[in-house]
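Q: I would like a close look at one part of this model, followed by an account of how the rest is arranged around it. Please take it step by step.

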Amino acid sequence: MRERISFVLNGEPVELEIEPHLTLLQLLRDRVGLTGTKEGCGMGECGACTVLLDGKTVNSCIFPAMEVDGKSVTTIEGLTDAQGNLHPIQKAFIEYGAIQCGFCTPGLVLSAKALLDENPKPNEEEIRHGIAGNLCRCTGYIQIIQAIKAASGQ
Amino acid sequence: MEEFVNVGKRIPKLDAEEKVTGKAIYIHDLKVPGMLHGKILYSPHPHAKIINIDTSRAEKLPGVKAVLTGYNIPPIKFGVYKDNVPLKAKKVCSMRDEVAAVAATDPDVAEEALHLIEVEYEILPPLFDPEEAMREGAPLIHEEHVGGKEKKPTNVLNLPWRLVAGDVEEARKNSTYVAEDRFKVTWVAHCCLGTSGCLAQFDLKNNLTIYSITQIPSLAQRDYMEAITAMGLKDKKVRVIKTMIGGGFGSKLDTYAFEYIAILLAHKARKPVKILFSREEEFFATSPRQPAIIDIAQGCTKDGTLTFRDIRMILDNGAYTSWGATTPSVMMMPISSLYKVPHVRYIAKCVYTNNTYSQAMRGYGNPQATFAIDSQIDILAEMAGIDPLDFRMRNANTPGEVTPQNFKINTCGLRECIDVVAQKLDWRQNRGRKDGRGIGMASMIHVGGGARVYKSDGCGTIIKVDDFGTVNVVTGATDMGQGSDTVIAQIVAEELGVRVEDVVVTHTDTDICPWDVGAHASRTTFVAGNSAKGAAKKVKDQLLEVASKSLGESPENLDIRDRIVFSKKDPEKKSPLGKVLRAAHYAAGGSMLMAEHFYDPPNENLDREFKGNLSVTYAYGTHGAEVEVDKETGQVKILKYIAAHDVGRAINPMLLEGQVYGGATMGIGYALTERLILKDGKVMNPNFLDYKMLTAKDVPNIETIVIETNDPFGPFGAKGIGEPGSVPTAPAIANAIYDAVGVRMKDLPITPEKVLAALKEKANPK
Amino acid sequence: MKAFEYFKPKTLKEAFTLFAKYGGKAKWIAGGTDVIVMIKQKTMAPDVLISLRGIPGLDEIKFNGSLNIGAMVTHRTIEASEIIRKNFSALTDAADYLGSVQIRNVATVGGNICTAAPSADTATPLLVFGTQVKIKNLKGERTLPIQEFFKGPGETVLKPGELVQELLIPKFLPNTGSAYYKLQRRLALDLPILGVSVLLSLDKNQVSCSDMLCTASPISSVLHKMEEDGIVCKEVRIALGVVAPTPFRAVKAEALLRGKKLSDELLEEVAETAANEAQPRDSLRGEAWYRKDMIKVLVKRMAMKSIERVVQPEETIFPERLW
């Protein structure tokens with residue numbers, strides 16, 4: 001049995017019929033075809049699947065797709081503007097070497113965005129606290145923290 | 001110091017934009033039409049005979065297109081020792097043994113089908129302790145395996161790990177101080193954020209294309225060729241195409257059962273088959289770092305000169321053999337060549353058990369051995385009443401040295417590394433307070449100029465330049481996020497006088513890319529870099545030859561800088577690169593610029609005695625840590641962490657720092673928190689909650705210091721850096737803990753419980 | 001993942017009616033960070049999930065000296081609440097420690113106590129607060145103290161079809177401070193090896209040695225100095241997590257200190273008694289001996305932190321490692 005949901009995805013209205021047990025991650029990757037959001041563990045333990053729901057980060061792998069009805073979802077694909085320009089956080093990640101294998105990057109960029117949207121000038125401790133839910137094995141986090149600091153204009 | 005335009009610059013990684021926008025395609029994102037999903041059934045027992053496998057119910061499930069077991073696959077043997085088969089038929093030797101596999105239209109259907117497969121087992125007595133497994137009369141893991149001089153059935157592998165230099169017994173007698181200790185290190189996991197997987201596809205003629213995340217495309221291609229030959233497909237081609245790789249760290253240095261299973265399923269079902277590991281499978285069914293039980297003795301004279309190093313190791317080989325069993329060949333490196341030590345003896349035994357089996361992981365045995373060696377250096381220094389800083393300086397390797405393993409050390413920045421770490425830690429002031437805060441250091445050596453592990457250590461590059469000055473570099477090297485694509489682009493741009501943005505690097509397809517032995521041994525910058533530089537030089541020569549005609553100047557007087565070809569004698573005589581290229585192309589008897597270069601470094605295979613100049617040059621480094629130990633809880637906090645590395649030259653300082661930060665963070669986890677917990681052969685923590693890799697809140701502020709010794713053999717002087725960051729972390733931290741609270745930790749990870757227990761033992765010795 | 005139907009009732013009545021209709025096949029879902037994981041791990045296999053998200057009135061915080069927290073309040077809301085941070089600090093500590101930002105944005109305090117893991121971060125703070133749990137069902141409601149709410153690991157006294165509507169924290173005595181410590185192996189995304197919460201109500205809010213409080217002086221020296229002030233602990237609550245089948249109050253330890261003058265010796269005895277009231281086990285996540293030892297250490301430290309919060313109420317952000 002399928003249920004209908006309608007929500008805003010990266011600024012565009014979307015209406016879909018979904019199986020009620022779908023997770024938001026499955027909705028994005030399999031149904032809509034946006035593969036930028038990654039599955040790192042499937043259990044909400046690594047943050048690779050982070051997306052923004054009404055501006056707040058959630059682990060989409062354990063978030064029921066049924067609950068996005070009436071809400072707005074932003075994935076990594078939604079960060080570039082209509083002209084295809086990169087978001088300042090994306091630029092900073094590139095410039096500061098914050099990306100190696102890149103698998104954790106989409107989730108991290110969105111966590112960084114949520115952090116800076118709420119706290120535009122975070123200190124280092126606040127940055128670490130804000131991204132603690134995103135695991136990265138390649139970078140050791142240091143250049144990611146530098147990138148976020150730079151993106152915040154500090 | 002020359003002024004470089006592209007080398008030494010903090011240039012962003014070439015594929016960063018693809019990754020930061022979510023456009024990069026990893027194996028997880030790849031779909032091909034008609035694709036089936038493969039899943040694997042694993043053994044529930046660590047050691048058992050397989051009595052029967054019944055797949056009839058699974059085969060009937062709608063959506064299931066192929067079911068395979070050890071009974072119906074051709075004989076494919078893989079692994080370093082060729083003791084592993086993709087699906088087991090006679091017995092299972094570990095809980096990650098693959099017993100059956102299913103390909104279905106949907107991953108959920110495939111999963112359901114696994115539950116319908118009935119396997120009957122007869123349980124056999126398991127062995128989880130390598131020391132027990134070595135004993136006479138222990139149950140045999142592989143009954144047909146015989147070894148030793150008498151060729152008796154045994155669990156001890158026939159591996160020749162024995163290195164002797166000088167006379168250790170004699171040296172021991174002549175030592176004033178001798179330290180003897182046992183150190184233990186256990187399994188840790190790579191934790192790549194992207195889990196493993198592959199997609200196998202046969203064409204109508206039975207040629208295989210496999211989309212893979214391998215670090216060794218050329219060698220994997222050969223392994224797959226052997227497999228399909230065993231499948232009866234003679235003279236067929238294999239093409240390995242790499243998707244974006246979600247982390248490597250050595251985990252993709254070998255071929256795994258799941259890859260052969262995907263190939264077999266694809267062949268049986270006549271459809272492409274994709275296998276993707278869940279995170280749980282990633283933890284229990286991929287191969288972790290090699291554990292070791294290390295018995296080590298070192299000695300020195302009264303004035304602190306090292307005399308000997310005598311080491312015996314027992315390695316838990318697990319159920320099958322992968323690269324873990326070869327880590328002793330790399331452990332020999334610090335054993336023979338970390339600090340000057342004239343007399344060396346090393347014997348390692350690898351033993352089959354019913355545990356998981358190990359693979360390559362960043363450092364490949366070096367972190368394990370260095371933990372023991374450089375922890376004990378501090379112990380020895382204390383016995384001799386000498387400050388560990390002075391002890392290390394006294395015995396530090398120097399340029400021009402030939403070590404007991406016949407390594408020829410050319411550039412060596414070890415002294416500089418030790419010095420700068422001591423300065424940053426304010427060593428003389430801060431050491432010896434024993435008030436809960438302490439400092440410690442440890443050094444490392446690693447191969448920095450390739451490593452002739454196989455008969456070839458080479459890498460090929462093909463370069464072509466188009467009419468507009470775009471330079472296409474096709475390399476055999478593998479980029480798994482570490483940045484080899486960017487470094488190669490910088491080297492080529494520097495050599496050819498163009499900009500980095502003019503260079504496109506292709507590295508993903510064995511049909512197009514030349515041979516490379518693989519991304520291991522921190523060799524890529526050195527070998528692939530030299531290969532690219534060589535090809536670029538050839539292209540440049542062609543270019544200058546062609547330009548000499550249009551500029552009326554002999555080639556020796558020409559150079560290229562920033563896309564302009566100019567005369568060194570008369571810089572006003574110049575022409576843009578594109579113009580020169582088009583002039584050469586669009587003329588009668590025209591030519592296009594293209595060149596290739598296969599660079600195989602002038603290093604040596606180790607001989608029968610494991611001696612030889614394995615690498616062209618060696619990378620040195622020192623790490624230092626300041627820690628605070630909470631004496632009531634045993635928790636260790638790192639207040640300061642310094643990582644100094646002799647890198648030859650930093651082609652890209654930003655990416656290089658990334659390697660050190662990442663390597664050191666992995667190493668700090670190795671020292672303090674990470675452990676793959678096995679109990680009775682079962683991985684108890686196959687998830688990110690209970691496997692404690694560091695989060696952004698845990699990593700200390702790591703300061704990286706780059707020492708440039710300008711190696712004459714490296715491309716623009718560069719040496720390798722991929723692994724060194726992970727090597728000396730554990731001994732540096734253990735040494736700092738000793739300075740802080742006077743307890744010597746010899747067992748990784750150094751958890752709060754172990755520290756507290758040691759503190760209690762110290763206060764009330766039994 | 002196993003398939004299920006998903007309903008989003010708009011009122012409590014609708015929710016209860018749905019639950020009654022599906023009976024044993026249904027489970028409530030709040031944020032889902034526990035439920036979805038359990039379904040994926042196959043420790044739960046409901047055919048029907050009934051979401052509480054759309055029901056108004058379950059996610060409010062009302063402060064009037066006492067505090068009402070709706071069951072659907074997220075940990076992120078708790079973390080960001082100034083009122084809770086100033087007056088109910090141990091709960092802020094818990095929210096701060098829990099999981100990650102992504103988890104806290106979604107996971108609810110009601111869900112946390114209904115999952116009833118012995119390690120639940122909010123459990124020991126709520127225990128020391130003397131929280132009352134308001135339970136609603138189709139027929140009506142009942143309220144009981146949180147000490148009676150947990151039955152065993154993963155088990156509460158909730159009957160099928162019942163849900164937690166809100167948590168009621170009564171007003172404290174003046175000069176009350178509380179603190180929660182999560183002993184964990186890393187600083188985020190972790191489960192505790194041990195959880196310790198302490199609440200102290202003192203008879204005064206100034207001590208002569210307040211400058212010693214944020215230094216590296218050992219606890220014993222600070223306490224010895226404090227003995228000169230003759231501080232009386234009018235109320236004492238100590239709760240422990242992970243070291244028993246449910247989170248629990250160490251009532252014997254509390255009784256030793258309640259109404260007495262604070263001293264180093266007495267606090268030492270209190271901590272020792274609390275440790276003896278626990279039943280720590282060896283498990284994948286920690287060893288029994290270590291847990292027991294750490295109860296002694298952490299009860300003392302959290303008592304000190306609670307005192308600090310009474311004495312220096314503006315500075316409720318403390319360094320991670322204290323004492």
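How far apart do the C-alpha centres of domain 1 of chain A and domain 2 of chain A lie?

A: In this predicted model, the C-alpha centres of domain 1 of chain A and domain 2 of chain A lie 21 Å apart. The division behind that value assigns residues 3-78 of chain A to domain 1 and residues 88-151 of chain A to domain 2. Between these two parts there is direct contact, with 15 residues of domain 1 of chain A meeting 13 residues of domain 2 of chain A. On the side of domain 1 of chain A that touches domain 2 of chain A, the strands β3 (50-53) and β4 (56-59) of chain A each supply at least two residues, and β3(A) gives the largest share, which is three residues. Sorted by class, the residues on that side of domain 1 of chain A are six nonpolar, seven polar and two charged.

Chain A also has a partner in chain B, and here 42 residues of chain B are in contact with 41 residues of chain A. The elements of chain B that give two or more residues to the side touching chain A are the helices α1 (16-20) and α17 (653-672), and the largest share, eight residues, comes from α17(B). By class, that side of chain B has 21 nonpolar, 14 polar and seven charged residues.

Within chain B, one open sheet is formed by three strands in the order β4-β2-β6, with antiparallel pairing. The strands β4 (91-92) and β6 (118-123) of chain B stand at the edges of this sheet, each with a single partner strand, so one side of each is left without a neighbour in the sheet.

Strand β22 (residues 558-561) of chain B pairs with strand β23 (residues 564-567) of chain B in the antiparallel sense over four bridges, and B:R561 stands opposite B:I564 in β23(B). The hairpin of β22(B) and β23(B) has two residues between the strands, and in this hairpin B:D562 takes a positive phi near 50°. On the other pairing of β23(B), three bridges join β23(B) to strand β24 (residues 574-576) of chain B, again in an antiparallel arrangement. There, B:F566 has B:K574 in β24(B) as its bridge partner, and the hairpin that joins β23(B) to β24(B) passes through six residues.

Taken along the principal axes, the C-alpha atoms of chain C fill a box of roughly 65 × 45 × 30 Å. Of the 323 residues in chain C, 53% are buried, and among the contacts in chain C with a separation of 6 or more, 68% are between residues 24 or more positions apart.

How values were computed: Residues are numbered from 1 along each chain as its sequence is written. Chains are lettered from A and ligands numbered from 1 in the order in which they are written. This is a predicted model: local features need pLDDT of at least 70, side-chain atom pairs count only at pLDDT 80 or more; totals for chains, interfaces and linings use all residues. Two strands pair if DSSP finds at least two bridges between them. Domain bounds come from an automatic or database domain assignment. Two residues are in contact if their C-beta atoms, placed from the backbone, lie within 7 Å. Ala, Val, Leu, Ile, Met, Phe, Trp, Tyr, Cys and Pro count as nonpolar, Asp, Glu, Lys and Arg as charged, and the others, Gly among them, as polar. A residue is buried if 20 or more other C-beta atoms lie within 10 Å of its own, exposed if 12 or fewer, and partly exposed in between; C-beta atoms are placed from the backbone.
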